[in-house]
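Please keep the sequence and the model in view while reading.

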Amino acid sequence: MSELPGDPDPGLGGMTPLSPVGRLAATVDRLSREVRAAQAEAEGRALIELAKGILVARLGCGPAQAARQLAELAGQSQVTPLEFAVEVINQAARDRVSEVTDAFLTATAAVRTADPGDGARGAGSGEPVADSAAVRLRAAESGALAADDTQAVADALLEQALRPLGAVAVAIWAAGYDGSLTLAGSAGFPPAEAARWRYVPPDVATVARCGLTERSGQWFASLAGTGLPSVGRHQYPDGGRVAVPAGTGGRIHGVLEIAWPVPLAPQPPQVVRQVEALAELCAHTLESYTPPRGPGQEPRVIPDAVELMDLADGLHDPALVLVPHLDAAGHLADFRIQHVNKRFLDPAGRPRAVVGGALLLEAYPMAAGDSELFQNVERVYATGEPFRARHMNLTALVDQVPLSAVADISVSRHGNAVLLIWRIEDETARLASLLQHAQRLGRIGGFEENLLTGEITWNGQLFDLYGRPHTSTPVPLEELAAHAHPDDAVAIGRFLRTLLHHRRPASAAFRLRRPDGVTRHVRVVAEPVLDTDDRLLLVRGACQDISAQHWTEVALAATRDQLAQTEQQAIERARLTLQLQHAIMPPAQTPLRVPDLQVAVRYRPAETEQLVGGDWYDAVMLPSGLVLLCVGDVAGHGIEAATSMVVLRNALRGLAVTGAGPGQLLSWLNIVAHHLTGGITATAVCGLYDPARRTLRWARAGHLPPVLVRGPGAEPLPLVRGMLLGAVAETAYEEAEAQLAAGDTLLMYTDGLIERRDRPVEEALAQLLSTVRPTPNTLDQHLDRLLTYSRSDTDDDTCLVGIRVG
C-alpha cells in the first residue's frame, strides 16, 4: 500500500518528511535566527568594548588589563561579561536608559537570589541574561547611535528591543513646526503601506497625533473601536498600539509608535519606562532630521531666531521672539525674551529695554496663573501646533501690584524659536464697541434734547427706527404724538407730563407711524437732567423697537386660545372613546352558565383617558354548544383603536356561528382587519371549548399563548404559529388542542397584564407564572388577585378571560 503525503516515514524514525516548500521555509527561518544571533553578538561585543574603554579611563590601565579586569569582576559577581558590561555603562552614563536598565538588573538579581540554581536565566522568563531586557535596551541604544538614518534606527529598535516584547512593527514620526507628522522611519510595515503614510497634515486625528498631544503617551489595548486611523491598521486591526512622544529639552521632536498583532494587556511599569527610554533615543535622532522634499515641492523654510526677529519687526502688533531656556539637567525651565519688536506695548507701560532679554516668567510671572499663557507657549514649542485665543487676560506685576489688560493672543513655533503676538484692546473703545453692538442687536436708538437751546441729538439707530434719513431734522419730544397712532395720544401725554412737568423718569409704549407707511411698536424710556439750580436742562432717553415682541405676544395669545380649544376637543374625544368602549365591553360581564365550567372575565381600562386602547375579550355560548373564548389587542390608542376593536369583536362573533375552527376564524378575521378597517394591525387568541370532551381547540395571531394552571404548577400552552392580524392580505393559522381535567384553570390575557418598560417579555411572563400559583377557591378571586398583583407599568388596557373545569 502506498504512503499518503504527510504520513510518517518509517525510515525517518516516525518523523513527517518535509515538502520542498517546508524545507525552504525551515532554511529561511534558520538563516534569520543566525543573522539575529550574529547581530546580537556584534552588538554585545560593542557593549563590552565600550565598558572596557570606561575601565581604561577610570583605572588608568591598558585595554588588555581592562579586559581581564572585566572578566574577573563578572566572575566575582556571578554574571556574564556582557551583563556586567551593561552595569559598568549604566554607572558611567547615569542617563534615562541607565535608570531603566538598573531597574531590570535589580529585578534579575532578586530572582537569582531567590533561585540560585537559575543564575544564567533572565527574570522569571527562562531566557539567558545576555538576552534580558536591560541588555536589549543597551543594544538597541548602540544600534540606534550607530545608525546613519532614521530608518536604520527603526530597524534597530524593532529587532533589538521591541520584538522580544511581542511587537511586530514600529514607526518613527517627525513632528513639523506646523503640527504635521512625517514618517521618518518604519520597520515591520509593508513598504507600500509606509509610503501611503509618508505625511499627515496638521489637525488630522491619528494614533500618532494622540501621542503628540498627550505628553504621557497613549496606550491602546486594541485599535478596534477607537476609530483612529494609523499605519498598518489593516494588517493588525485588533492589535494593540502605543504612541509615546519623543522629546528632549521640553520640545517634542516626534512620536514613537509601536504595533502589536494582538490586543495588548496592561504592561508593568518596567516595560512602560523601557518604551519611554526608546522614545527618548528617537528624539536625539529626530533633532537633526530634515523632512525629504517631494517632486516639485519647495523646501520648507524654518527660520532661525535672527530671521524671526526681522519678521516680528514687520508686524503691526506687539510681538516677542522667545527661545527655550533649559535648566542644568537639560529640561525646559522657561523662555528667554530674545527680541521685542518696535510696536511692543506692555500692560504695565514698561519700555522695551526692561522686557527684552528677561525670562518670560520673570517679566510676566502671572503668565503661569489663570490665563495659562506659559502652558500654551510651552505646548506650542513642544508640539509645533499653533495656538490662538481671543480676549485672554494678560497680567504684569509692577511693584507687587497686578496690572491687567485684555488681549488677543497668537503663538506659533518657527524652528527652535517661538513667536508670541498680542493685540491689547483699548478698554474705552472696547466698551463703546460693545454698546454699539448691543444697541444694534436690541434695535435701540438713543436721543438727547436740550430744552434751553432746542438742540436735539439722535444716533443712527434712532433715525433708522423712525425711517428717516440721517440728514433730516430730529423730532422734538413735544411733537411725538403727531408721529404716533391717534389711539396712543393719552399714553404719550401721560409720559410727557411725568417727564417734563413732574421731572421724573418715565416710559411709554406706542405705535410709531413712519413716513414710508410702516407702523412699528416702540417703547420710549427717558429721564430728566437738572442743573445746579434744580431747573430742567435737558432730557436723555432711548427708543426700542418692540414690534417683534408685540407680535410674538399676539401669536402666543392666539396659540394659547387654540391650545385650549384643542385640549377641550381632546378631552371630549377621550370621553367619547371611553364611553364607546365601556358600552361595547363593560369592565364586568354577566357570568356565563355552562355545566361543569366556571367562566369569568375582567377588563381594566387605562388609568389615563388619553391612552384608551383597543383591548377586547369575548366569552359566549355558540349554537353548537361550544364556548367561544377570545382576547385581542388592536395597535394604537384613541377612538380609531376603539372602533376597530368593535369591528373585530363583532365580526368574530358573527363568523363563529358558522361552526368553523379557531384557525379558520382567525384567517377570516385577518381579511377583515386588512381590507375592511383601514389597514389596522392587531393580535388575538381564539379558542373553542367543548364542555362534553373537556377539550380546547385554539389558535393565535401574534398574541401571547394561554396559561394553564394545573395543581401546584402553571405553564403556557405550547406555542403555535400565527401572524398578527392585518399584516398581510391572506394567511393561515395553526391550531392546537389541549385536554383539560377537573380543577384545571385556563387564562387568556392581553399584554397590559404583564408588560414592563424595563423588563423583557420572557421575564414578565415568568413573573406571571409565579403569581398564578396557588389557585384561590373561586375563579373570580383568582382573576381579581392577578389584577391586584400585576406588576405592569405601561398604564395600558388589560383584558383577562378565565375558565375553570368543574
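In which loop is Ile680 found? Ile680 is found in the loop between helix 19 and strand 20, where helices (H or I, at least four residues) and strands (E, at least two) are DSSP runs, numbered from the N terminus. The model is a predicted one, in which local features need pLDDT of at least 70 and side-chain atom pairs count only at pLDDT 80 or more, while totals for chains, interfaces and linings use all residues. Residues are numbered from 1 along each chain as its sequence is written, and side-chain values use heavy atoms, with hydrogens and water left out.

With a relative accessible area of 13%, Ile680 is buried; buried means under 20% relative accessible area, exposed over 50%, and partly exposed in between (1.4 Å probe, protein chains only). Leaving aside neighbours within four places in sequence, Ile680 is in contact with Val634, Ser644, Leu648, Ala673, Leu725 and Gly726, contact meaning heavy atoms within 4.5 Å. The C-alpha atoms of Ile680 and Ala727 are separated by 8.1 Å, although the two residues are 47 residues apart along the chain.

Two of these partners, Ser644 and Leu648, are among the buried residues of helix 18, which also include Ala641, Ala642, Met645, Val646, Arg649, Ala651, Leu652 and Ala656. Helix 18 has 18 residues and reaches 26 Å from its first C-alpha to its last, close to the 26 Å expected at 1.5 Å a residue; the expected span is 1.5 Å times one less than the number of residues. For helix 19 (residues 662-675), the 14 residues should span 20 Å at 1.5 Å a residue, and the end C-alpha atoms are 20 Å apart, which agrees.

How do these two helices meet? The axes of helix 18 and helix 19 come within 10 Å and cross at roughly 140°. Axes here are lines fitted to C-alpha atoms, for helices over the stretch in contact, and angles run from 0 to 180 degrees between N-to-C directions. Helix 18 and helix 19 are therefore oblique to each other, since angles under 35 degrees count as roughly parallel, over 145 as roughly antiparallel, 65 to 115 as roughly perpendicular and the rest as oblique. Their crossing is right-handed; a crossing is left-handed if the near helix is turned anticlockwise from the far one by less than a right angle, and right-handed if clockwise. Val647, Leu648, Ala651, Leu652, Leu655 and Ala656 of helix 18 make the contact with Leu665, Trp668, Leu669, Val672 and Ala673 of helix 19.

Arg694 has a positive phi of about 55° although it is not a glycine. Most residues other than glycine have a negative phi. At 27% relative accessibility, Arg694 counts as partly exposed. Arg503, in the loop between helix 16 (489-501) and strand 14 (506-513), likewise has a positive phi of about 55° without being a glycine, and counts as partly exposed at 37% relative accessibility.

Another helix pair is found elsewhere in the chain. The axes of helix 6 (residues 150-162) and helix 9 (residues 269-286) come within 11 Å and cross at roughly 165°, and these helices are therefore roughly antiparallel to each other. Helix 6 passes helix 9 in a right-handed crossing. Thr150, Val153, Leu157, Ala161 and Leu162 in helix 6 meet Gln274, Leu278, Cys282, Thr285 and Leu286 in helix 9. Helix 9 also contains Val271, which is buried with a relative accessible area of 9%. Val271 and Leu165 are 106 residues apart in sequence and 8.4 Å apart in space, C-alpha to C-alpha.

For the whole protein chain, the secondary structure comes to 21 helices and 26 strands. Of its 806 residues, 43% count as buried. Among contacts in the chain with a separation of 6 or more, 58% are accounted for by residues 24 or more positions apart.
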